[in-house]
Amino acid sequence: MTMMYTPNIPPPDPNTRTPKFRLPKLACDAHCHIFGPGAKYPYAPDRSYTPPDAPLEDFRTLHAKLGIERAVIVNASVHGTDNTVALDAIAQSNGAYRAVANIDDTITERGLRVLHDGGFRGCRFNFVRHLGGVPDKRVFDRVTAMVAPLGWHIDLHFDAIDLPDYADMLAKLPLSYTIDHMGRVKASDGLDQLPFRILIELMQRDEKCWVKICGSERVSSAGPPFTDAVPFAGKIVETAPDRVIWGTDWPHPNVKVMPNDGNLVDLIPLFAPEPQLQQKILVDNPARLFGFEA
């Protein structure tokens, strides 16, 4: 039976502007999603929101317009622990895609191997309150122990206010980890706010800590063109340029103001003006973390 869904969040901006900034060859969108189509890849019954379909065809069209050649698909919570949509996309990408999985402690060693062989290189944990809150610590520890031997990392989605509570836990992790959306800090609270100081201190003292400078529209307090997020991204790049990756976060679920992805690309030279930094953030760092072939 074909499932019918009624979206309760808006779609991405369909009129992607061609950015002025020219991305380097093999640039990677290291944080993006594919939603459905729901008729083929059903959404999870316990999802916290229902997105409009944002299928592979639209994903490819977007990246062609922006000049992006590689991508990391973060399998969204709306698909639960069914990672098929990302597996299928990778299989059609000729090596250009990797993915981050949603899994729980029902995963088997064989199931993990299928994901690994299919191009997955990490798994995600949501700590964000409006998406369900803190994962079970027992499950978190067990899954972390299972994926570490594969060389995976864990991808962590926090509310900024909670970052100080988890700093010690993160430092003790046995594997690398990425923090989404610059820790979801609020630009209006300034560079000296405690959550951002904690994030920078983690990057300084823990070589396992990577940060994604995506979600400028989530960090911004001023709205488009979201330039008040630039100082935060710039400080992150300055702190650990070899452990920073960038992404669009397309199709931008649960944002207050829908960005245009062309405008987001044009923020890159504002926080990373030097070509060598752009090469690291957009090409070299994601290739190293996600195992893209040279």
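Predicted model: local features only at pLDDT ≥ 70, side-chain atom pairs only at ≥ 80, totals over all residues.
Figure 1. Helix H6 (194-205), strand S7 (209-212), helix H7 (216-219), strand S8 (244-245), helix H10 (268-271) and helix H11 (275-290) are among the elements covering the buried residues of H8. Helix H8 spans residues 230-239, and its buried residues are Val230, Phe232, Ala233, Ile236 and Val237. Viewed down the axis of H8, these buried residues fall within an arc of 165°, so they line one face of the helix.

**Figure 2. The nonpolar cores**. The largest core holds 91 residues. Ile154, Leu156, Ile179, Ile213, Ile236 and Phe271 touch the most other members. H6 gives the most to this core, contributing six residues. Isoleucine 213 has contacts beyond its neighbours within four places in sequence: Met182, Ala233, Ile236, Val237, Val244, Ile245, Trp246, Gly247, Phe271 and Ile281. A second core is separate and has eleven residues, including Cys28, Val72, Ile245 and Leu289.

Figure 3. Helix H2 runs over residues 84-91. Val85, Ala86, Ala89 and Ile90 are buried there.

**Figure 4. The open sheet**. Eight strands make up this sheet, in the order S1-S2-S3-S4-S5-S6-S7-S8. Their pairing is parallel. S1 and S8 stand at the edges. Each edge strand has a single partner, so one side of each is left without a neighbour in the sheet. S4 and S5 run parallel and are joined by five bridges. Cysteine 123 stands opposite isoleucine 154 in S5.

**Figure 5. The tyrosine 5 and tyrosine 43 pair**. A search of the whole structure finds ten aromatic pairs. In this one, the ring centres of tyrosine 5 and tyrosine 43 are 4.9 Å apart and the planes stand at 70°, so the pair is edge-to-face. The pair links distant parts of the chain, 38 residues apart. Tyrosine 5 belongs to the segment before strand S1 (28-32). Tyrosine 43 sits in the loop between S1 and helix H1 (56-66). Both tyrosine 5 and tyrosine 43 are buried.

**Figure 6. Phenylalanine 127, phenylalanine 158 and their aromatic cluster**. The rings of phenylalanine 127 and phenylalanine 158 have centres 4.7 Å apart and planes at 35°, so the pair is tilted. Phenylalanine 127 lies in the loop between strand S4 (120-126) and helix H4 (137-147). Phenylalanine 158 lies in the loop between strand S5 (153-157) and helix H5 (163-171). The pair therefore ties together parts that are 31 residues apart in sequence. Phenylalanine 127 and phenylalanine 158 are both buried. One aromatic cluster is formed by Phe125, Phe127, Phe140, Phe158 and Tyr166.

**Figure 7. Glutamine 278 in helix H11**. Glutamine 278 has a relative accessible area of 11% and is therefore buried. Its side chain reaches the backbone oxygen of alanine 272 at 2.9 Å. Neighbours within four places in sequence aside, glutamine 278 is in contact with Phe21, Pro24, Ile268, Pro269, Ala272, Pro273 and Val283.

How values were computed
Residues numbered from 1 in each chain as written. Heavy atoms only, no water. Phe/Tyr/Trp six-rings, centres within 6.5 Å; stacked < 30°, edge-to-face > 60°. Helix = DSSP H or I, 4+ residues; strand = E, 2+ residues; numbered from the N terminus. Buried < 20%, exposed > 50% of the residue type's maximum accessible area, 1.4 Å probe, protein only. Arc of directions from axis to C-beta. Contact = heavy atoms within 4.5 Å. Core = buried A, V, L, I, M, F, W, Y, C linked by side-chain atoms within 4.5 Å. Polar contact = N/O pair within 3.5 Å; in protein donor to acceptor, adjacent residues only side chain to side chain. Pairing = 2+ DSSP bridges.
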